[in-house]
Amino acid sequence: MTLRSDHIAGGVFVAFGVLVFALSGDLPLGTLSFPGAGMMPKLVAGLLIVFGLLLVLRANESAPVATVPWSDLPHAARVVAITAAAIALYQTLGFLVTMALLLFALTFGTERRHPLAAAAFSIGVVALTYLLFAVALKTPLEPGILGF
Amino acid sequence: MGTVENLLLGFSVALQPDVLWYAFLGCLVGTIVGVLPGIGPLSGISILLPATFGLDTTKSVVMLAGIYYGSQYGGSTTSILMRIPGEAASVMTCIDGYAMAQKGRAGAALCIAAVGSWIAGTFGVIMLTLIAPPLAAFALRFGPPEYTALLVLGLIFLAYMSSTSLPRTLLMACFGLLLGTIGIDNMTGHFRYSFDIAELGDGIGIVPVAIGLFGLGEILSTPSATVVGKVIAPKLRQLLPNRREWRESAMPIARGSVLGFLIGLTPGSAHIISSFLSYAVERRVSKHPEEFGKGAVAGVAGPESANNAASTGAFVPMLALGLPTGPITAVLIAALMIHGVPPGPTLVNEHPNIFWGFVASMYVGNLMLLALNLPLVGIFVNVLRIPYAYLYPLVIMFCIIGVYEVSHSIVDVWIMLIMGIIGYGLRKFGLDPAPLVLGLVIAPTSKCRCASR
């Protein structure tokens, strides 16, 4: 049997539905006239499992997993890793430092642009954005522990 | 007050210099968002949402709505000149628009797209003016059963109108509904799936989910090396279509306007579906279907009119009933709620300044867009020369600012990143993320409505 993309997608959603059921054990179901906190999640998780199974059963209509293009995955993974690092540092280093580092890492690290061009772009854009939000729109951006 | 008096009241609001300025700003940003491939109107609206916090409600909604319908105008520029749809709703324009450009009729194609968009957009606003107030007055009589029925009807429509199969759409809507159950249960006060994270007590917001799925998800799925294209520079001297081209575009514009508006009233990605449907209709009714794909004027006029009428039509259920028909109207509803104005029947009846000011600003905005999109096309083409390698880091930065500034919560930014990864995965497996956002939006409402039956 050829493994198809809907086998994977349907399987993931069935597993997610089962996980929701497992996490909802302590939530009261209530009654139809007065539904408890667990009624809606369990009902929808049940539907999620049903539709996930339906996707698995009708998987022949989908493309084989081997044909799904993954050539963009390394680029996507680098972007995710750099963005995650920026989010982790955002409240500590503040807007100016974090965003300058984020832009530099993406343009120089991921896109292999000239380091000087990447640095000028990063600093220039961050400074302009800071002025736009903090001065023109009066929406202060995260200062961080450095205080700016 | 009658419709005319209300509309005059709206124009007295919309023609104030500062409201005009924000309408212009929204239209300009919307056009740029539409021109740039990889940034959709949803990302544009979500990213600029925090910038509207300091504005009053009317200016805020006028600017955000301007981005939405402005992007429908701008999307055609990239389609016609580069064969790259700047916005998903402009995919069909690529086919015949680019073929016209290759024949040296780029200016005529841009002009027909802009005039068609203006006629359709204005037709949509006239219909909004006529339909929304009586519908809102009627909706005041709605109780929980009627609203529950409307929500179910919306989901059924969504399932049929979506570009993917029925089980896929319902699967995504269920996933969204499940995400909507995170946080405190309003009926019982129980915490659900908050894992001792205080920020999750309020549930997952629409903005981080929408920006993650549609903004970051799109970037992750678009490696910079793939965003290349040859720009066919338009000759502005040839901007005016000839008599034959005007004649051939008249009926497609009329049909696209009506079709687009009707589809805009239904849930789903109406602005996208309407352009596909309009293209199919034009090809079927044409006396020369063989010309489609080789530069048929109707292949540009129909879809471009339809997507603009649909984007205006989507405001009818949003403003009159408070029901989002897609992720974009869901974010606009969130914007109104942030300003303390509930959308729906009470908006029309209790905040006439905001409602009629908004409607009037759309008449003005459509005129602004016509003026922006024709003479300034050369400037917008230059925006396309920004390398994608510099553009997408900028978008990621604005995504982070956009999400963080809504509630100053870093958890929301993490949610955005997770949703970006999920959005990337969904695209790989051919699943449409739009029903997910709709499910998330209606989850709290459907629970309360069902419980108070």
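Which residues of helix 19 of chain B are buried? Hold that thought, and I'll come back to it after some housekeeping.

What we have here is a predicted model, where local features need pLDDT of at least 70 and side-chain atom pairs count only at pLDDT 80 or more, while totals for chains, interfaces and linings use all residues. Residues are numbered from 1 along each chain as its sequence is written, and chains are lettered from A and ligands numbered from 1 in the order in which they are written.

Now, how do the chains meet? On the chain A side 47 residues are in contact with 46 residues of chain B, where contact means C-beta atoms, placed from the backbone, within 7 Å. Helix 1 (5-23), helix 2 (39-57), helix 3 (73-110) and helix 4 (115-136) of chain A each put in at least two residues. The largest share, 15 residues, belongs to helix 3 of chain A. By class, that side of chain A has 33 nonpolar, nine polar and five charged residues. Here Ala, Val, Leu, Ile, Met, Phe, Trp, Tyr, Cys and Pro count as nonpolar, Asp, Glu, Lys and Arg as charged, and the others, Gly among them, as polar.

Over to chain B, with its 20 helices and two strands. Those are DSSP runs numbered from the N terminus: H or I of at least four residues for helices, E of at least two for strands. Of the 453 residues in chain B, 62% are buried. Buried means 20 or more other C-beta atoms within 10 Å of a residue's own, exposed means 12 or fewer, and partly exposed is in between, again with C-beta atoms placed from the backbone.

Back to my opening question. In helix 19 of chain B, the buried ones are Asp412(B), Val413(B), Ile415(B), Met416(B), Leu417(B), Met419(B), Gly420(B), Ile422(B), Gly423(B), Tyr424(B), Leu426(B) and Lys428(B). They pack against helix 3 of chain A, along with helix 9 (206-220) and helix 18 (388-407) of chain B.

One residue in helix 18 of chain B is Ile400(B). Why call Ile400(B) buried? Because 26 other C-beta atoms lie within 10 Å. Leaving out residues up to four places away in sequence, Ile400(B) touches Ala86(A), Ile87(A), Tyr90(A) and Val413(B). Just past helix 18 of chain B, His408(B) takes a positive phi of about 50 degrees.

Last stop, a helix pair. Helix 4 (residues 57-82) and helix 12 (residues 298-313) of chain B pack at about 170 degrees, axes 9 Å apart. So helix 4 of chain B is roughly antiparallel to helix 12 of chain B. Helix 4 of chain B brings Tyr68(B), Tyr69(B), Gln72(B) and Ser76(B), and helix 12 of chain B brings Glu304(B), Asn307(B), Asn308(B), Ser311(B) and Thr312(B). By class, this contact has two nonpolar, six polar and one charged residues.

For the record, axes are lines fitted to C-alpha atoms, for helices over the stretch in contact, with angles from 0 to 180 degrees between N-to-C directions. Under 35 degrees counts as roughly parallel, over 145 as roughly antiparallel, 65 to 115 as roughly perpendicular, and the rest as oblique.

Note on methods. Contact = placed C-beta atoms within 7 Å.
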